[in-house]
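Please consider the following comments alongside the sequence and coordinates.

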Amino acid sequence: MSQIHILPPILRNKIAAGEVIERPASVVKELIENSVDAGSTDIRIEILYGGKRLIKVSDNGNGMEKEDALLCCERYATSKLLNEADLYHIRTMGFRGEALSSIASVAKVKLVTAPIGTHQGVSVEIHGGEVKSVKDSPSVGTTIEVRDLFFNTPARRKFLKAHTTELFHIVDRVTQQALAHPEIGFSLVSDNHEIMRIPVAASLRERIMQIYGEEFLDGLIEMDREIAGITMNCFVAKESNLRSRKSYQFLFINKRPIRDPSLTHAVYTAYEGILGQKKHPVFFLFLIIDPVAVDVNVHPTKREVRFENKEPIYNIVLSGIREALPLPLQSKPYGVPSASVISEALELEYRPSLSFMPLGDAFIALSGQGGLTLIDQHAAHERVLYERLLRGVDLNSNRLLFPKQVQLSHKEYHVILSNSSTLKDFGIEVEDFGQNTVIVRSLTEALKNADIRGILADIASCLIEGISPDRELRETLAAKIACHQSVRGKTILKQEEVDQLLSDLQRCLHPDNCPHGRPTRIVLSLENLKKMFKRT
Ligand code: ADP
Ligand code: MG
C-alpha cells in the first residue's frame, strides 16, 4: 500500500499559517497591509486581551465583490499578481495570497465587505478554515474580525505571552505601519480604550511628530537624497540625542518595514567617531527603490528583502547620513602614559579650596603631595548623584509651578506609569494625563532644565528592554537618572563647585567609579611621574 498522500487543504493552511502568523501582532500587520493595498485612508484597529480574544481591522478602502469575498480566504487567492512577470514588479504590500487563508485556518474570522460605491455587501464567517455562514450585509469598506486566535492549535496558543506583551507587539506593528504610510490615518483601541490616534499627515516629518512628539523630532536631523534612481528620506539622531539602547531604529524599503544588518551597519559606520559611550543612533530610514531591483519574495512575512546590487544602497545610506552629521573633532593622542603608570584609586587628599585647573571642559586637574589627580567631572558627579538617589536624601525635588506635559509613545507611557512610585522616590513625580501623555509635577533641582522627555524615554526604554539580572531595578534607574542630572562635560566648574564635588565624592561609598564602571579619577603619583621622566 502506498504511504504517501496529499494533505487536505485545511491542514495545508494550518501548516502554512505557522510561517506567517506567529502571534496577534502578525495578524494585525497582515490585515493593515491588506487595507493599505485596498487604497484606504483610514484604518481602525480594535483589540481585546492583547489580540488573543479579538483583533478587528476596519478600513475605508475598495472593498470586495461577493465572489471575491468568498474566495479571498482560500490559499493562493490574490488580486495582486496575475502572472510571473508581475512577481518582479511588486508595488503592493501583499502578493502571495497566504495571509487571509492562514488566519482563517487558525481563528474564527468574520469578514464584512462591500465594493466601493455600493453598500450592498456580504458577511462571511469562517472558523478554522470552514465556511460557517454567508449573508448579505451592508458595509462601507472592509471589516475583518479575528477571534480566538489559535483556538484549534493549542500548542501555538501556549506560546502567547501576557496580554500586555502581545499588545506591545501590536503597538510596534501599528507604529511601523503608521510610519510607512503618513497619508493614512490610524487608530488603535485596546480593551475599549483608544491608545493611538494618528490622523492623516502631510509628511513623514509630521508623522514622526504625531507619534513621538515635537521634542523628539527636535533631536533628529532630516536628510533627503536621490542618486541613480534610489530615493532616501531619513531622520537620524543629532549627536546630542544618541541612545544607550537600540530603540527607535527603523528601516523601510518601498514602504515595507524590514531588517537588514548591512544597511544598519552603514548607519553605524556613518556615526563612527561620534557614538562614544552612548553607542546607538536613532534612525528612521525610508528608501524607495525600483521594485525590479529588490526581491521581496524571500521571507514568508517579508521581513527581509534581497537586493540586486547592495552596494549603491549601502553607499547612499552611508554618505547621506555622514553628510547630515557634523564632523567629529579629530583628537590626536599625545604621549599618553601607559596604563601601568596610572592608578585609578589612590586616596585623594581633599582639603577645601584645593587649587585646581580645568582641563578643557570635562576634566579637572589637582595637585597634591602624592602627585597629580585628574577628575572626570561628569563621572564624579554621576557617582555622587547615584548614591544620593539610592539613599533618597538631599534630592531637592520641587513641585513645578508649571507642570510639564510630556507625550510618549504608548509603550513608554505604559511603563513610566507602572513605575511611577519608583520614579517618585527619585524625585520625579508623574501623573497620567491620558492619550499617551504624562504630566510631570515635580522634578529635582538638577533636572529642572533638562530634556525631560528624553529622560523619561530613556528610562522607559531601559524598562522595556529589561534590566540585566545582576542589577536591581532601583539601581538601574538611579544610574540612568544620575547620568542625566550630572554635569554634562562642556561645563567649566567654579571653585565652590569643585569643592562641593570633591567633598561629596569623598563621602561616597564607592568614589572611584561612576555607576557605569568608568573611573571618576586617575592619579599619577610622583613616583610614577619620575618613572615617566626616566628619573629613576
Ligand atoms: P495578498 O494580500 O497577498 O493578496 P491576502 O490573503 O492577504 O493575500 O488577501 C487576499 C485577497 O483578499 C487580496 O489580494 C485582496 O484582493 C483581498 N483583500 C484582503 N483584504 C482586503 C481589504 N481590506 N480590502 C479589499 N480587499 C481585500
Ligand atoms: Mg495580504
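1. The model is predicted, so local features need pLDDT of at least 70 and side-chain atom pairs count only at pLDDT 80 or more, whereas totals for chains, interfaces and linings use all residues. Residues are numbered from 1 along each chain as its sequence is written, and side-chain values use heavy atoms, with hydrogens and water left out.

2. The C-alpha trace spans about 90 × 55 × 50 Å along its principal axes. The protein has 17 helices and 22 strands, taken as DSSP runs (helices H or I, at least four residues; strands E, at least two) and numbered from the N terminus.

3. Of the 536 residues, 49% count as buried (under 20% relative accessible area with a 1.4 Å probe, protein chains only; exposed is over 50%, and partly exposed lies in between). The protein exposes about 27000 Å², of which carbon and sulfur atoms supply 53%; accessible areas come from the Shrake-Rupley method with a 1.4 Å probe.

4. Among contacts (heavy atoms within 4.5 Å) between residues at least 6 apart in sequence, 68% join residues at least 24 apart.

5. The whole structure contains 8 aromatic pairs, defined as rings of Phe, Tyr and Trp (its six-membered ring) with centres within 6.5 Å; planes under 30 degrees apart count as stacked, over 60 as edge-to-face and the rest as tilted. Phe216 and Phe284 form an edge-to-face pair, at 6.1 Å centre to centre and 90° between the planes. Because Phe216 lies in helix α8 (residues 214-218) and Phe284 in strand β13 (residues 283-288), the pair ties together parts that are 68 residues apart in sequence. Both phenylalanines are buried. Ring pairs link Phe216 and Phe284 into a cluster with Tyr212, Tyr248, Phe250, Phe252 and Phe286.

6. Leu11, in helix α1 (residues 9-20), is partly exposed, with a relative accessible area of 36%.

Technical notes. Chains lettered and ligands numbered in written order.
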